[in-house]
Amino acid sequence: MKQKEKIMLGWREWVSLPDLGLPAIKAKVDTGAKTSSIHAFDVEHYSENGVEMVRFLIHPIQDNQDFYIECVSPISDYRQVSDSGGHKEMRYVIETCVTIASHSFPIELTLTDRDTMRYRMLLGRSALKNWAHVDPSVSFLCGKLEAESLYGLESEVGK
């Protein structure tokens, strides 16, 4: 059986999370992080037909605190995660599909407040291990996007 060819990613890439209704979000590709995470606020845990669910809001566009998207997902786990500073935090974990260029893969995402972080999403090594190589010297090997236009907003570029 032939092994799948892995795609090459830069240290940051535009990705989409179609199951969450996010057509574009800039992600930092971080092989130093085991788990992928996404910025989430106003997180609400609830049960629907016996399924544990989570509803949360996200600012998908970097440096835009006014625009947000509401996301809903089943909860797959609740686990302790250490951040880059060694601080431990209990986080909801969801499973979703990530799309980069024309490639789609299932990943686990932890929900956390990344408001003070430069990137709204971190793509960790567990998500990358079976399908990607990373070239840390370049960015956006899979293409650049104008997130504002994908969300129907006027771009601040050139203003």
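Modeller: Arginine 91 is buried, with a relative accessible area of 8%. The model is predicted.

Biologist: What makes arginine 91 count as buried?

Modeller: Buried means under 20% relative accessible area. Arginine 91 has 8%, so the label holds.

Biologist: How do you know that arginine 91 and glutamate 89 meet in a salt bridge?

Modeller: The N to O distance is 2.8 Å. The cut-off is 4 Å, from a side-chain nitrogen of Lys or Arg to a carboxyl oxygen of Asp or Glu. The pair therefore qualifies.

Biologist: And glutamate 89, buried or exposed, or in between?

Modeller: Glutamate 89 is partly exposed, at 32%. That label covers values between 20% and 50%.

Biologist: What makes aspartate 115 and arginine 120 a salt bridge?

Modeller: Their closest N and O atoms are 3.2 Å apart. The limit is 4 Å, so the pair counts. Arginine 120 is buried, with a relative accessible area of 4%. Aspartate 115 is partly exposed, at 35%.

Biologist: How many salt bridges does the structure hold?

Modeller: The structure holds 6. One of them joins arginine 55 to glutamate 70, with the closest N and O atoms 3.5 Å apart. This pair links distant parts of the chain: arginine 55 lies in strand β6 (residues 51-58) and glutamate 70 in strand β7 (residues 69-74), 15 residues apart. Glu44, Arg55 and Glu70 are linked in a network of salt bridges.

Biologist: Why is arginine 55 called partly exposed?

Modeller: Its relative accessible area is 24%. Buried requires under 20% and exposed requires over 50%, so 24% falls in between.

Biologist: Why is strand β4 said to pair with strand β10?

Modeller: Pairing takes at least two bridges. β4 (residues 36-39) and β10 (residues 103-112) share 4, so they pair, and they run parallel. Histidine 39 has threonine 112 as its bridge partner in β10.

Biologist: What about β4 and strand β11?

Modeller: 2 bridges join β4 to β11 (residues 121-124), and these strands run antiparallel. The threshold is at least two, so this counts as pairing. Isoleucine 38 has methionine 121 as its partner in β11.

How values were computed:
Residues are numbered from 1 along each chain as its sequence is written. This is a predicted model: local features need pLDDT of at least 70, side-chain atom pairs count only at pLDDT 80 or more; totals for chains, interfaces and linings use all residues. Side-chain values use heavy atoms; hydrogens and water are left out. Buried means under 20% relative accessible area, exposed over 50%, partly exposed in between (1.4 Å probe, protein chains only).
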